[in-house]
Amino acid sequence: MPQTAQLTTNGFDSAELNFEDFKKIVINDYRIGFESRQAALLGRREVLTGKAKFGIFGDGKEVAQLAMAKAFKAGDWRAGYYRDQTFMFATGMSTMKEFFAQLYANPDVDKDPASGGRQMNCHYATRYLDADGNFTNQAETMNCSSDISTTGGHMPRLLGLAYASKLYRNNPELADQKQFSVNGNEVAFGTIGNGSTSEGLFMETFNAAGVLQVPMAISVWDDAYAISVPARLQTTKEDISEVLKGFQREEGTNGYEIFKVRGWDYVALCETYSRAIEVCRREQVPVLVHVTEMTQPQGHSTSGSHERYKSKERLAWEAEHDCLLQMRKWIIASAITTEQELDKIEAEAKVHVRECQREAWNELADVIKTELEEAASLIDAVAQEANAQDDVEDAAIALRSCVDPGRKDIVSAIRKTLRLTIKQNFEAKKTLVQWLNQHNELNNERYNSKLFTNSANSPLKVPVNPAQYEQDARLIDGREVLNACFDANFGRDKTIVAFGEDVGNIGDVNQGFAGLQSKYGDLRITDTGIREATIIGQGLGLAMRGLRPIAEIQYLDYLLYAMTVLSDDLASLSYRTSGGQKAPVIVRTRGHRLEGIWHSGSPLGVILNSMRGLHICVPRDMTQAAGMYNTLLRGDEPALVIESLNGYRLKEKLPANVGEFTVPLGKAEIIKEGTDITVISYGSTLRVVIEAVEELEKLGVNIEVIDPQTLYPFDTDKLSLASLKKTNKLLVIDEDIPGGGSAYILQKVLEMQGGYYQLDAQPKTLCAKEHRPPYGSDGDYFSKPSVDDVIEAAYAMMSEANPGKYPPIY
């Protein structure tokens, strides 16, 4: 698996350079910019001719990105969006051939290190994990966090990348973490389009960085449009830096340094970025560089033409103020080189780009052609013995006739052949099936692998260490068990940090961190503003840079405000980089039962359907939660832990090894054995089920209660299936809406585990009502499963099966 090449890009200081050195730098910049433009032009043609599916490019932004690249150093980080190809070329974090390999969706990470063909073009990333899933030395490389298509979605992550530098600089305990930082001198560079500054994630991030005072440099590429929508419909005053002037720091205040520069002025851009990044790096303050008067020569993307919405006057202005044209004029006017020399450079650049494109295409096409011919020959052999010989031969002919074939064409032809010979069985067909099975495995690795890193450090591989209790173990509040767990882990691992609303000074609203800020300091246990999205982004960026963050969202209902970051960015990170990046952040929250619409939610269906790529932990009490934290803090994959809101003051025994014992993920537990009905529940509702056991037994109903403990992964040992083999009846109870988390559990047990074949009665679910939970004890009783509901639901299943023994209650 490739790692990002090390490369140093030096800026220039005219006081230190002679004219020949200066000339070389300027001409090299122009060459890179011109090559990048040619890549965009050629890339668009490749899409329109059908070789690639979609294209979105950075043409018109070249000169500003050349200037920005001069200030980017080893150890720095980028969190940008899909217009930054010139910057990636200029820093050496991507190559021209890799650009085209991604355009063609080459699934080989040696060809497309950013995503292994999983992302659209111009979605960049550097690989900071080695083949075993371990971090490489980030301090010696230039680093790019993986892009996402949502044009403001990367901003919370940018905050975390910058915040890591602050922690590495200000916490002396981290001084030995030299593979991640050199004294916190690293700057996090972010880029965003002017239209996307209207998004809430931008504004939330911008404010948070000003509060935290972190080395974050935001560049706004302003070409006056967001697809077809002009700036007057996007931004107050049509100028984002004017809007943000109130963030400009003044003596005695925190805030930003704000710069404004035109996107076609090479000299001004170089000077601006030199000044801006110097103050950002030296003084650890955020900066905004608003780059105006940019152009977009090919429009937004290959899906349409900008001539549809731009006036002739605007198009003429863009042609005149094209940044490369302006740079070319300046080079000639400044006598840096001649027009003839630039013509030669441009001609060579066109040849180079075309060669890279052809090589990238051929490297993918040749492999596919080889596979195609293998498959077609095997289909030919099947045709010789097939009853439907002509139809099978037609399948081979059609396969060989494909223009720009893909693997889907190959596999589809084989599957059609197998359907045509469905009633036949002979050696050539067996050989074809064997080939298909082998390539299905390869394609699964190419297109479906690495949802999790699955390294040797996976939390699924953390050794199980049971909780141990002294004979006179204290019975304490559940919150105190958590507090002791966190205390032990913070003492054990200096890279662990925790932050969130009310986490620091008061130790969180339920006292899980009580007293720990005074013990470990406010850099490690920190209060934040009310800003859920950037709390998650803060954790994401820190985890990418080697720290172990616990990012707290105060209540489960408020997780919705961070959903875009959790789903689009964190959950997909390992997958969309094909295992090249990871971020083992732990998201801590609390939910299920309390009071009121926004303090008692349990939207597990939403979470399970949108956060594949996170482990979803639903501990029934605080001891189990502590064991899960111990496991996750020794692993390297992200997770969400949902504590039960009404369990913090329930009494639990304090384990003697409170910071060491582990609860394995994916391992269900039988809480109570029984013979009549298998009942699966989790979290707060599990306690309701246990309360119902005694009365059910008096009614002659003996239920078996299973706690899955984690919903993702779910019951990997198939304990639920083993239980169904005894009871033949299934009741799933949770606090989500009907068809939410319960539907997920049914699919896992009945379909994935094969539990359907063990049933002798219709499986049932007992869930909350379809509306949000109302306020008050009566509202809770009538909208969520109660002890009475559990008793009657279980009894009704037995009554349906044997009404003589179990007559209806009413």
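This is a predicted model: local features need pLDDT of at least 70, side-chain atom pairs count only at pLDDT 80 or more; totals for chains, interfaces and linings use all residues.
| Domain | Residues |
|---|---|
| Domain 1 | 42-336 |
| Domain 2 | 368-448 |
| Domain 3 | 459-653 |
| Domain 4 | 670-801 |

Between domain 1 and domain 4, the C-alpha centres are 50 Å apart.

**The largest pocket**

The largest pocket holds about 810 Å³ of space. Both domain 1 and domain 2 contribute residues to the lining of this pocket, so the pocket lies between these two domains. In total, 28 residues line the largest pocket, and those nearest its centre are Lys-51, Lys-53, Tyr-104, Ala-105 and Gly-406. By residue class, the lining of the largest pocket consists of 14 nonpolar, 6 polar and 8 charged residues.

Which helices each supply at least two residues of the lining of the largest pocket? They are helix 4, spanning 96-103, helix 11, spanning 339-385, and helix 13, spanning 407-420. Of the lining of the largest pocket, helix 11 provides the largest share, with 5 residues.

**Packing of helix 4 and helix 11**

Two of the helices that contribute to the lining, helix 4 and helix 11, also meet one another: their axes come within 8 Å and cross at roughly 45°. Helix 4 is therefore oblique to helix 11. The crossing of helix 4 and helix 11 is right-handed.

Note on methods. Residues are numbered from 1 along each chain as its sequence is written. Side-chain values use heavy atoms; hydrogens and water are left out. On a 1 Å grid over the protein atoms alone, a cavity is a set of points where a 1.4 Å probe fits but cannot get out, and a pocket is an open set with protein on both sides within 12 Å along at least five of seven lines; lining residues have an atom within 4 Å of a point. Grid points are joined across faces, edges and corners, and a volume is the space filled by probe spheres set on the points. Helices (H or I, at least four residues) and strands (E, at least two) are DSSP runs, numbered from the N terminus. Ala, Val, Leu, Ile, Met, Phe, Trp, Tyr, Cys and Pro count as nonpolar, Asp, Glu, Lys and Arg as charged, and the others, Gly among them, as polar. Domain bounds come from an automatic or database domain assignment. Axes are lines fitted to C-alpha atoms, for helices over the stretch in contact, and angles run from 0 to 180 degrees between N-to-C directions. Angles under 35 degrees count as roughly parallel, over 145 as roughly antiparallel, 65 to 115 as roughly perpendicular and the rest as oblique. A crossing is left-handed if the near helix is turned anticlockwise from the far one by less than a right angle, and right-handed if clockwise.
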